[in-house]
Amino acid sequence: MRLIPSDFSSLTQTIVSLLAAHPERPVLIALDGRCGSGKTTLAAQLAEQFPGSAVFHTDDYYLPPAQRIPNWAETPCANMDLTRLREEVLVPAQAGAAVHCRAYSCREGAYLPEQCVPPAPLYILEGSYSHHPILAGFYDLKVFVTCSKEEQARRLQAREGERYENFVRRWIPLEEAYFAQCRIEALADLLWDTTNL
């Protein structure tokens, strides 16, 4: 893994170089990392920097509760439909085809209407579990987004309010177990630390 400072111009130049090196096919990048570290924000900034890019979110690929295994809350990734994410998004994106995707809304408890995303030169997948081994082999660049535990707590408390305790009890331990079991941070191409941003 290469460690780089949180210098946006360095990151965008890396992506410019990838696009120039592979003009005949799309470039796929994935932003994984700790909740509250800024993955969604970074994806939006990159999409603004690279007009015509397409952004997808792992949060749209939760499994409906009825499809989850018993004790899913004790197993990292057991609440995610990563196979559907791979087949629905990454396979056509890598092939330069249109992506026909259906987000699952936990709030609605239902799948949202299908969206058709036309071919793009750059695809950005952001969210926890985007570097999972089942999705390996699709990416030109894997960025691990992180921040200090203190900053993570501050951001999540501000963002989640009374739901913060659920992150402490459930989501953060599941994420950290996934990072450790799959060596996510160590296997990333770049480390993006947003603690002081």
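About 160 Å³ of space lies in the second largest pocket of this structure, a pocket being an open set of points on a 1 Å grid over the protein atoms alone, with protein on both sides within 12 Å along at least five of seven lines. The volume is the space filled by probe spheres set on the points, which are joined across faces, edges and corners. The model is a predicted one, in which local features need pLDDT of at least 70 and side-chain atom pairs count only at pLDDT 80 or more, while totals for chains, interfaces and linings use all residues. Residues are numbered from 1 along each chain as its sequence is written, and side-chain values use heavy atoms, with hydrogens and water left out.

The lining of the second largest pocket, meaning the residues with an atom within 4 Å of a point, includes Phe8, Arg155, Trp192 and Leu197. Helix α2 contributes the most to this lining, with three residues; helices (H or I, at least four residues) and strands (E, at least two) are DSSP runs numbered from the N terminus. By class, four of the lining residues are nonpolar, five polar and one charged. Here Ala, Val, Leu, Ile, Met, Phe, Trp, Tyr, Cys and Pro count as nonpolar, Asp, Glu, Lys and Arg as charged, and the others, Gly among them, as polar.

The largest pocket has a volume of about 990 Å³. Its lining comprises 32 residues, and Asp59, Tyr62, Arg159, Glu160 and Phe167 lie nearest its centre. Two or more lining residues come from each of α2 (39-49), β5 (104-105), α4 (149-160) and α5 (164-182). This lining divides into 11 nonpolar, 11 polar and 10 charged residues.

Attention now turns to the strands. Strand β9 (residues 141-146) has five of its six residues buried (under 20% relative accessible area, with a 1.4 Å probe and protein chains only), so it is largely enclosed by the rest of the structure. Strand β2 (residues 27-33) runs parallel to β9 and is joined to it by five bridges; two strands pair if DSSP finds at least two bridges between them. In this pairing, Ala30 stands opposite Lys142 of β9. Strand β10 (residues 190-193) also pairs with β9 in the parallel sense, over four bridges, and Val143 stands opposite Leu190 in β10.

Phe56 and Tyr123 form a stacked pair, at 6.3 Å centre to centre and 20° between the planes. This pair links distant parts of the chain, since Phe56 belongs to strand β3 (residues 54-57) and Tyr123 to strand β8 (residues 122-126), 67 residues apart. Phe56 is buried at 6% relative accessible area, and Tyr123 is buried at 3%. The rings of Tyr129 and Tyr178 have centres 4.6 Å apart and planes at 55°, so this pair is tilted. Tyr129, Phe144, Tyr178 and Phe179 form one aromatic cluster.

Finally, the cysteines may be considered. The count of disulfides, pairs of cysteine sulfur atoms within 2.5 Å, comes to zero. For Cys77, the nearest cysteine sulfur is that of Cys182, 6.2 Å away.

Terms used:
1 Å grid on protein atoms, 1.4 Å probe; cavity = no way out; pocket = protein on both sides within 12 Å on 5 of 7 lines; lining within 4 Å. Buried < 20%, exposed > 50% of the residue type's maximum accessible area, 1.4 Å probe, protein only. Phe/Tyr/Trp six-rings, centres within 6.5 Å; stacked < 30°, edge-to-face > 60°.
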